[in-house]
Amino acid sequence: MNELLVVRNLVKRYGGLTATDGLDLTVRSGELHALIGPNGAGKTTIMGQLAGEIRPDSGEINFDGQAITRWSIPRRALAGIARSYQIVQLVEGFSVQENVMLMVQARLGHSFRPWQPVLRQREIVEPALRALDSVGLADRAREDVMTLAHGEHRQLELAMVLAMSPRLLLLDEPLAGMSQAESAVLVDLLGRLKRQYTILLVEHDMQAVFALADQVSVLVYGKAICSGAPAQVRADPAVRKAYLGDD
Ligand code: ATP
């Protein structure tokens with residue numbers, strides 16, 4: 001499998017705190033790569049740097065052979081890097097489908113003007129409907145977005161990501177705050193998506209991570225201390241000590 005995302009020696013400091021400390025990370029085409037680590041390890045900071053929202057102090061990010069380290073958020077989105085967020089942004093008073101279209105427009109760098117939406121364009125309507133179908137929300141497309149249940153918001157967030165015709169999905173804790181039943185629906189959905197997409201997944205639910213991931217990287221204090229197949233990572237003494245709390 002070829003290398004789709006290659007991160008080399010990435011550094012991000014906040015004052016005296018080094019949130020990303022010389023990180024190396026490689027995500028190959030077609031894999032689901034999980035990024036795990038304790039709270040505050042720097043996972044979300046890395047997602048932000050990959051999506052272009054946070055500017056690293058030094059290091060390189062390569063995507064599909066191109067150095068994208070200094071690219072803007074929309075340029076990365078157009079190249080196929082699509083990021084999900086822990087908190088789903090909803091625009092009240094619009095339908096489920098319109099919310100997907102508005103968010104895709106915004107993330108691709110079009111102005112965010114709900115009162116004057118650029119909604120009727122075929123290139124936005126069709127991907128939005130296809131994406132809603134992929135996440136199981138097709139029959140809710142015309143309903144007001146506020147009728148969705150909490151667990152369905154996360155499915156909607158995934159639809160927003162999928163509607164961007166992504167080549168790399170950056171999924172930030174898609175299972176956070178979900179009930180067991182809601183998690184099961186999402187794990188099943190992620191299992192289906194991984195057959196079609198390359199995914200970098202930040203997640204605290206270890207059962208889900210070890211069920212879904214092809215590769216796991218363990219982050220501690222902004223550094224990847226171990227990277228490999230799930231079984232290999234689970235057996236690594238340094239991981240057990242630093243992350244799972246074993247002696
Ligand atoms: P969690 O699993 O709890 O979401 P995380 O692994 O995603 O944590 P980050 O949110 O990336 O960790 O934070 C890494 C470190 O950087 C933390 O110590 C955090 O307090 C710090 N940090 C993150 N963003 C900022 C910021 N804007 N200013 C200062 N410090 C920050």
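I started at the ligand: one of its oxygen atoms is 2.7 Å from an N or O atom in the side chain of Lys43. I log this as a polar contact, meaning a pair of N or O atoms within 3.5 Å; within protein, one must be able to donate a hydrogen and the other to accept it, and residues adjacent in sequence count only if both atoms are side-chain atoms.

I noted the ground rules next. This is a predicted model, where local features need pLDDT of at least 70, side-chain atom pairs count only at pLDDT 80 or more, and totals for chains, interfaces and linings use all residues. Numbering runs from 1 along each chain as its sequence is written, and side-chain values use heavy atoms, with hydrogens and water left out.

I checked confidence. The protein has a mean pLDDT (the predictor's confidence in each residue, from 0 to 100) of 90, and 91% of its residues reach 70 or more. For the complex, the predictor gives an ipTM of 0.96 and a pTM of 0.92.

I went back to the ligand for its backbone contacts. A backbone N or O atom of Gly40 lies 2.9 Å from a ligand oxygen. For Thr44, a backbone N or O atom lies 2.8 Å from a ligand oxygen. The ligand on its own has 640 Å² of accessible area, and the protein covers 59% of that (Shrake-Rupley method, 1.4 Å probe; for residues, only the protein chains shown count as cover).

I counted the shell, taking a residue as near if one of its heavy atoms lies within 4 Å. There are 13 residues around the ligand, and the closest are Gly42, Lys43, Thr44, Thr45 and His204. By type I get five nonpolar, six polar and two charged. Here Ala, Val, Leu, Ile, Met, Phe, Trp, Tyr, Cys and Pro are nonpolar, Asp, Glu, Lys and Arg charged, and the others, Gly among them, polar.

Which elements each supply at least two shell residues? Strand 2 (17–28) and helix 1 (43–51) do. Helix 1 gives the most, with three residues. Helices (H or I, at least four residues) and strands (E, at least two) are DSSP runs, numbered from the N terminus.

**Helix 1**

I looked at burial, where buried means under 20% relative accessible area, exposed over 50%, and partly exposed in between (1.4 Å probe, protein chains only). Eight of the nine residues of helix 1 are buried, so the rest of the structure largely encloses it. Lys43 and Thr45 are among the buried ones. Gly52 follows helix 1 and has a positive phi, near 95°.

I traced an open four-strand sheet with order 2-1-4-5 and antiparallel pairing. Strand 2 and strand 5 (66–67) stand at the edges with a single partner strand each, so one side of each lacks a neighbour in the sheet. Strands pair if DSSP finds at least two bridges between them. Strand 4 (58–63) and strand 5 run antiparallel, joined by two bridges. Asn62 stands opposite Ala67.

I then turned to strand 8 (198–202). Five of its five residues are buried. Thr198, Leu200 and Val202 lie on one side, Ile199 and Leu201 on the other. Strand 3 (32–36) runs parallel to strand 8, with four bridges; His33 has Leu200 as its bridge partner. Strand 7 (168–172) also pairs in the parallel sense with strand 8, over five bridges. Leu168 stands opposite Thr198.
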